[in-house]
Amino acid sequence: MKKLPIKMATDVCKEYGLDQVVMLCRDKDGVDHIVTAGSNKHNCKEAGLSGDRLKTILAWPEETLSKYTQHVRQQRESADKK
């Protein structure tokens, strides 16, 4: 399957006046794909976090999570150890 363009999710955001779009797609080989977009920088970040939550639920490898999500997890783990 070819890579899903972020522009596709961005177009859905604009077309339907949405703040955030999180798309979970599965190709014919049963491989999941997640694409996120937001109406502005804040909503892009929030949509990305939602996409990462889906990845966690689906047990995707840690390295597939966004750098922001990895950073937040590290901060929480450090705070929990204190």
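This dialogue walks through how to read a few features of a predicted model.

Biologist: Where do I start? How many helices and strands does the chain have?

Modeller: Remember first that the model is predicted. The chain holds three helices and two strands. Starting at the N terminus, their order is α-β-β-α-α.

Biologist: What are the spans of the C-alpha trace along its principal axes?

Modeller: About 45 × 35 × 15 Å.

Biologist: What share of the residues is buried?

Modeller: Of the 82 residues in the chain, 24% are buried.

Biologist: How far apart are the mean positions of the positive and negative charges?

Modeller: They lie 4 Å apart. The chain has 15 positive and 12 negative charges.

Biologist: Now pockets. How does one find empty space in a model?

Modeller: Rolling a probe the size of a water molecule over the atoms shows where empty space is left. Here, the largest pocket has a volume of about 450 Å³. Its lining counts 21 residues. Closest to the pocket centre are Ile-6, Ile-34, Val-35, Thr-36 and Lys-55.

Biologist: Which elements give two or more residues to that lining?

Modeller: Strand 2 (32-38), helix 2 (41-57) and helix 3 (67-81). Helix 2 gives the largest share of the lining, with seven residues.

Biologist: Let me look at single residues. Is Asp-52 buried or exposed?

Modeller: Asp-52 sits in helix 2. The cut-off for buried is under 20% relative accessible area. Asp-52 has 4%, so it counts as buried.

Biologist: Which residues does Asp-52 contact, leaving aside its neighbours within four places in sequence?

Modeller: Thr-64, Leu-65, Ser-66 and Thr-69.

Biologist: Next, backbone angles. What is the phi of Ala-59?

Modeller: Ala-59 has a positive phi of about 60°, although it is not a glycine. Ala-59 is placed in the loop between helix 2 and helix 3.

Biologist: Why does Ala-59 count as exposed?

Modeller: The cut-off for exposed is over 50%. Ala-59 has 66% relative accessibility, so it counts as exposed.

Definitions and conventions. Residues numbered from 1 in each chain as written. Predicted model: local features only at pLDDT ≥ 70, side-chain atom pairs only at ≥ 80, totals over all residues. Heavy atoms only, no water. Helix = DSSP H or I, 4+ residues; strand = E, 2+ residues; numbered from the N terminus. Buried < 20%, exposed > 50% of the residue type's maximum accessible area, 1.4 Å probe, protein only. Lys, Arg positive; Asp, Glu negative; His and termini not counted. Charge placed at Lys NZ, Arg CZ, Asp CG, Glu CD. 1 Å grid on protein atoms, 1.4 Å probe; cavity = no way out; pocket = protein on both sides within 12 Å on 5 of 7 lines; lining within 4 Å. Points joined across faces, edges and corners; volume = space filled by probe spheres on them. Contact = heavy atoms within 4.5 Å.
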